Amino acid sequence: MDIESIYRSYSQDVMNVAYFYTGNQEDAEDVMVDVFLSVMARPPKNEANLKSYLLRSAMNKSFDLRRRRRPDPLETEIAAPVDQTPQQAFLVSAIAKLPLKYREVLVLRFVEEMPEAEIASFFACPFPR
């Protein structure tokens, strides 16, 4: 698979994860570019788990970006769409209070619609077959 095909197939997924973790469009775009530049420079050996690889890379690069910056007290909440319902706002707030590893699982399962077996593989956890 060439980089253009990879980008067309996965750019929106990478952008969603990056936006969720960075909290703003500009940083998410920077993370997304970084992820695909990394793939161009050093393609993953196993294309079977390409989506998992890209999403993990987006998470890691988002965390790196946030660590490099001083935390802004106004940006400590998880990013949420402006036009959300009260129920969505409640869910986003509740998810934001969870430990990071649980938030990651929820994002992968319900935002990225990743199958449970793939999420288990992503985190190197056993999954009953």
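A crossing is left-handed if the near helix is turned anticlockwise from the far one by less than a right angle, and right-handed if clockwise.

I worked on a predicted model, in which local features need pLDDT of at least 70, side-chain atom pairs count only at pLDDT 80 or more, and totals for chains, interfaces and linings use all residues. Residues are numbered from 1 along each chain as its sequence is written, and side-chain values use heavy atoms, with hydrogens and water left out.

Entry 1, the chain. I looked up the secondary structure and found six helices and zero strands, in the order α-α-α-α-α-α. Helices are DSSP runs of H or I with at least four residues, strands are E runs of at least two, and both are numbered from the N terminus.

I took α1 as residues 3–22 and α2 as residues 25–41; they pack at about 140°, with axes 8 Å apart. Axes are lines fitted to C-alpha atoms, for helices over the stretch in contact, and angles run from 0 to 180 degrees between N-to-C directions. The crossing of α1 past α2 is right-handed. On the α1 side, the contact (heavy atoms within 4.5 Å) includes I3, Y10 and V14; on the α2 side it includes V31, F36 and M40.

The chain exposes about 8,700 Å², 55% of it from carbon and sulfur atoms; areas come from the Shrake-Rupley method with a 1.4 Å probe.
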